[in-house]
Amino acid sequence: MVFQEGFQIDTRGRGSYAITDQVQRLVKQSGINRGICQVFVHHTSASLMLCENADPEVRADLERFMARLAPDGDPLFRHLDEGPDDMPAHIRSILTGQFLSVPVAGGRCALGTWQGVYLWEHRSRAHRRRLTLTLIGE
Amino acid sequence: MVFQEGFQIDTRGRGSYAITDQVQRLVKQSGINRGICQVFVHHTSASLMLCENADPEVRADLERFMARLAPDGDPLFRHLDEGPDDMPAHIRSILTGQFLSVPVAGGRCALGTWQGVYLWEHRSRAHRRRLTLTLIGE
Amino acid sequence: MVFQEGFQIDTRGRGSYAITDQVQRLVKQSGINRGICQVFVHHTSASLMLCENADPEVRADLERFMARLAPDGDPLFRHLDEGPDDMPAHIRSILTGQFLSVPVAGGRCALGTWQGVYLWEHRSRAHRRRLTLTLIGE
């Protein structure tokens, strides 16, 4: 059995946005009990991650880490078409990935206690991000 | 056809632990010949990787690389609830990923000759890590 | 329904190689309309990524970024069996991943407008890289 549904997230610029509830709602709606859940973001300057969901400071530290690793305006970069955050956004997106694959068990994504699903916006400005959830199972 | 099975790995603290044999045993047990194998770890301070399986120095170099990239006690980090290795563990987990997706062919995970499946423990202390293997195929 | 097909890419050494067309051709050939497409590379010194497909400077910047992050001949590394690019290749492969999972919709990989599928060769010399595409869906 295959279930597929698109959805959108409006970001307010760089930062991570919890989408665990949307994902779990769609899994419930699918009627699939056991299988695989794929979440996919159709962009190259945003990504998806499973991150600690209790202390928001974790995600603030992740931003600080990425700002040190691939800073805006880094003179290393030549691709600057859309500004100083353009190439850093592509790098952050590739290092963290545009898809997730999570087991479905008991009609839910079988996340660990501290695992939340986050859309990570890497561009400074607000964007509308398009995602697709695909479930395969029984 | 869907096959799903949970298992646990007791780590002795930071380092990578070969789980290729457990994974291949479960694939064989499933009776699935061709499809997709997903391995998932239900934590935010451990990860999974496909790594060179011949020279243990490769995985020692990976530890040295991560210790330079996201060192314990890095003054950049504010999330220190569980000690100096807490935030570096989250970062290492996110950079390397909590799931793997591998093709199944001929009733086995179709790994390359040098690809081994490893659970990567990023916390200093020993932990019991919970994993789920989900197979979809025929 | 499961579809699986292997293919090879001959690289000319370090750099990224567009494989979007090969992937879309195989998806079309499979006859699967809706589901999940997994692409897998059977090596530990190459990887797969979804990257901006319009400006080649993006992928040149990615090479510059990786050369700074994990440079060839870095004195940190002890695994040098196959030369100064050996360990950096393993690191780049693990950071960017040996598999992709993309939704299939309308008989195609549902990539975003700017998402291209790339094989990333991390070794200096030319290599023949073995890949497998596995589709599950209906």
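1. Between chain A and chain C the count is one salt bridge, the term meaning a side-chain nitrogen of Lys or Arg within 4 Å of a carboxyl oxygen of Asp or Glu. The partners are C:Arg68 and A:Asp74, with the closest N and O atoms 2.7 Å apart.

2. This is a predicted model, in which local features need pLDDT of at least 70 and side-chain atom pairs count only at pLDDT 80 or more, while totals for chains, interfaces and linings use all residues. Residues are numbered from 1 along each chain as its sequence is written, chains are lettered from A in the order in which they are written, and side-chain values use heavy atoms, with hydrogens and water left out.

3. At this interface, 30 residues of chain A are in contact with 34 residues of chain C (heavy atoms within 4.5 Å). The buried area is about 2700 Å², and carbon and sulfur atoms give 65% of that area (accessible area, 1.4 Å probe, that two parts lose on being put together, summed over both).

4. On the side of chain A that touches chain C, strand 1 (2-10), strand 3 (35-41), helix 3 (86-96) and strand 8 (128-137) each supply at least two residues (DSSP runs numbered from the N terminus; helices are H or I, at least four residues, and strands E, at least two). Helix 3 gives the most, with five residues.

5. Turning to the cores, A:Ile19, B:Ile19 and C:Ile19 touch the most other members of the largest nonpolar core, which has 78 residues (buried Ala, Val, Leu, Ile, Met, Phe, Trp, Tyr and Cys joined through side-chain atoms within 4.5 Å; buried is under 20% relative accessible area, 1.4 Å probe, protein chains only). Beyond neighbours within four places in sequence, the contacts of C:Ile19 include C:Phe7, C:Val39 and C:Leu131.

Terms used
Buried means under 20% relative accessible area, exposed over 50%, partly exposed in between (1.4 Å probe, protein chains only).
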